[in-house]
Amino acid sequence: MKKSLVVSVLSAAMLLAGCQVVNTTSGGAVGVERKQYMYSLLSSQEVDQMYAQSYQKTLGEASSKGVVDKTSANAKRVQAIAKRLIVQVPAFRPDAAQWQWEVNLIKSDEINANCGPGGKIFVYSALIDDLKLTDDELAAVMGHEIAHALREHSREAMSKAYGIEMAKQGASALLGLGQDSMAIGDAAVKYGLTLPNSRGNENEADLIGLELSARAGYNPNAAITLWNKMAKASQGGTPEFMSTHPASDSRIASLQAAIPKVMPLYQQAKKS
C-alpha cells in the first residue's frame, strides 16, 4: 500500500474514531433535523467553560471602560426580550433551561450581537440605535443568536477543526514532518469562535430563531424587516454582524417559507 494511501486511511480512521453523531436540538415546527458530528474529546462543558472565561474577560474590559449599559431603556428592552426567549428554549433543548444565561448590552458603534456557547449574550447598542429595531426585530436577532448556541455551532466548527488538524498531525508524523500540536487548539478556536458561520448553520439559526421568537410572542414577520434593514446597512459598509453572519440570496425566501409554520405558535402566544 502506498504511503499516501496509508495516510488517507489512518486519517479517516482518526476522524471517525474521534467523532460522535448527535442532534443537539429537537426539530421543532421548523424541522431542523440535521445530524451533527462532534469531536468526542471536546465536550459541551469544556466549550462552555472556554467561552465563559472569554465572555467574563470581555465583560470586565467593557466594565472598566464604563460601556456596560445596565440602566437605559434599551438595556431593559434587551433583558426583557432575552427573558421571554430563554423561557422558550426547552422546546428545542430542555437542558438549556439550566444554562447560566447572561445578557449584557454594550455601548458601541458596532452593529452586532452574539450568543456564545452556554448562553452568554452580548448586544451592541448600535444594532438597536442605527437600525432602529422594534422589539419584534430585536427578538429576531437575539433568537437567531440563541439558536447558534442551542445548536452548538461553535463546538461543531471546533470539532471539524480538531479533526482536520489531528489528521494533518498524523499525516505529518508518518511522513516525518514536524507539527506543532498547539496548532490544533489554535485552529479549533479560530474556526469555532471567530470565523463566519456556514450557510447551512445560518439557515438553522434563522429557522430556530424564528420559532423561538414566535413562541415568545414576537411577530415572526419581523425577521423579514430585520434582514431588509441589515441589507440596507450593508450598502454603506459591512456591519460587524454581517461579517460573521454572511447573507445569502435565499435567506429571506427561506424565512418567508417558514413563517406559516410558526404563525400559529405566535398567535397562541399572543392569546396567552
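This briefing walks through one protein chain, from its overall build to a few single residues.

The structure is a predicted model, so local features need a pLDDT of at least 70, side-chain atom pairs count only at pLDDT 80 or more, and totals for chains, interfaces and linings use all residues. Residues are numbered from 1 along each chain as its sequence is written, and side-chain values use heavy atoms, with hydrogens and water left out. The protein chain has 11 helices and six strands. Helices (H or I, at least four residues) and strands (E, at least two) are DSSP runs, numbered from the N terminus.

**How confident is the prediction?**

- The average pLDDT of the protein chain is 84, and 76% of the residues score at least 70; pLDDT is the predictor's confidence in each residue, from 0 to 100.
- Residues 1-16 have a pLDDT under 50, and the model has 13 contacts for them beyond four places in sequence. Contact means heavy atoms within 4.5 Å.
- Residues 171-179 are also below 50 in pLDDT, and this stretch has 11 contacts in the model beyond near neighbours in sequence.
- Where pLDDT is low, the predicted coordinates should not be read in detail.

**The chain as a whole**

- Of the 272 residues in the protein chain, 48% are buried. Buried means under 20% relative accessible area, exposed means over 50%, and partly exposed lies in between (1.4 Å probe, protein chains only).
- Among contacts in the protein chain with a separation of 6 or more, 72% are between residues 24 or more positions apart.

**The sheet and its helix**

- Look for an open sheet of four strands in the order β3-β4-β6-β5, with mixed pairing. Two strands pair if DSSP finds at least two bridges between them.
- The edges are β3 (68-69) and β5 (113-116), each of which pairs on one side only.
- Helix α3 (residues 73-87) packs on the sheet, where it touches β3, β4 and β6, and its direction makes about 155° with that of β4. Axes are lines fitted to C-alpha atoms, for helices over the stretch in contact, and angles run from 0 to 180 degrees between N-to-C directions.
- Five bridges link β4 (residues 102-106) with β6 (residues 120-124) in the parallel sense; here Val103 stands opposite Ile121 in β6.
- β3 and β4 run antiparallel and are joined by two bridges, with Asp69 opposite Leu105 in β4.
- Strand β4 is largely enclosed by the rest of the structure, because four of its five residues are buried.

- Arg34 lies in the loop between β1 (19-22) and β2 (36-39) and is partly exposed, at a relative accessible area of 32%.
- Although 170 residues separate Arg34 and Glu204 in sequence, their C-alpha atoms are 9.0 Å apart in space.
- The side chains of Arg34 and Glu204 make a polar contact at 2.5 Å. A polar contact is a pair of N or O atoms within 3.5 Å; within protein, one must be able to donate a hydrogen and the other to accept it, and residues adjacent in sequence count only if both atoms are side-chain atoms.
- Leaving out residues up to four places away in sequence, Arg34 touches several others, including Val22, Arg151 and His153.
- Asp95, in the loop between α3 and β4, is partly exposed, with a relative accessible area of 38%. Asp95 and Thr25 are 70 residues apart in sequence, and 10.0 Å apart from C-alpha to C-alpha.

**Ser213: a buried helix residue**

- Ser213 belongs to helix α8 (residues 199-215) and is buried, with a relative accessible area of 3%.
- The side chain of Ser213 reaches the backbone oxygen of Leu210 at 2.9 Å.
- Beyond its neighbours within four places in sequence, Ser213 contacts Leu85, Ala139 and Tyr218.

**Two positive phi angles**

- Most residues other than glycine have a negative phi.
- Lys132, in the loop between α4 (125-131) and α5 (135-150), has a positive phi near 50°. Lys132 is exposed, with a relative accessible area of 64%.
- Glu152, in the loop between α5 and α6 (153-175), has a positive phi of about 55°. Glu152 counts as buried, at 9% relative accessibility.
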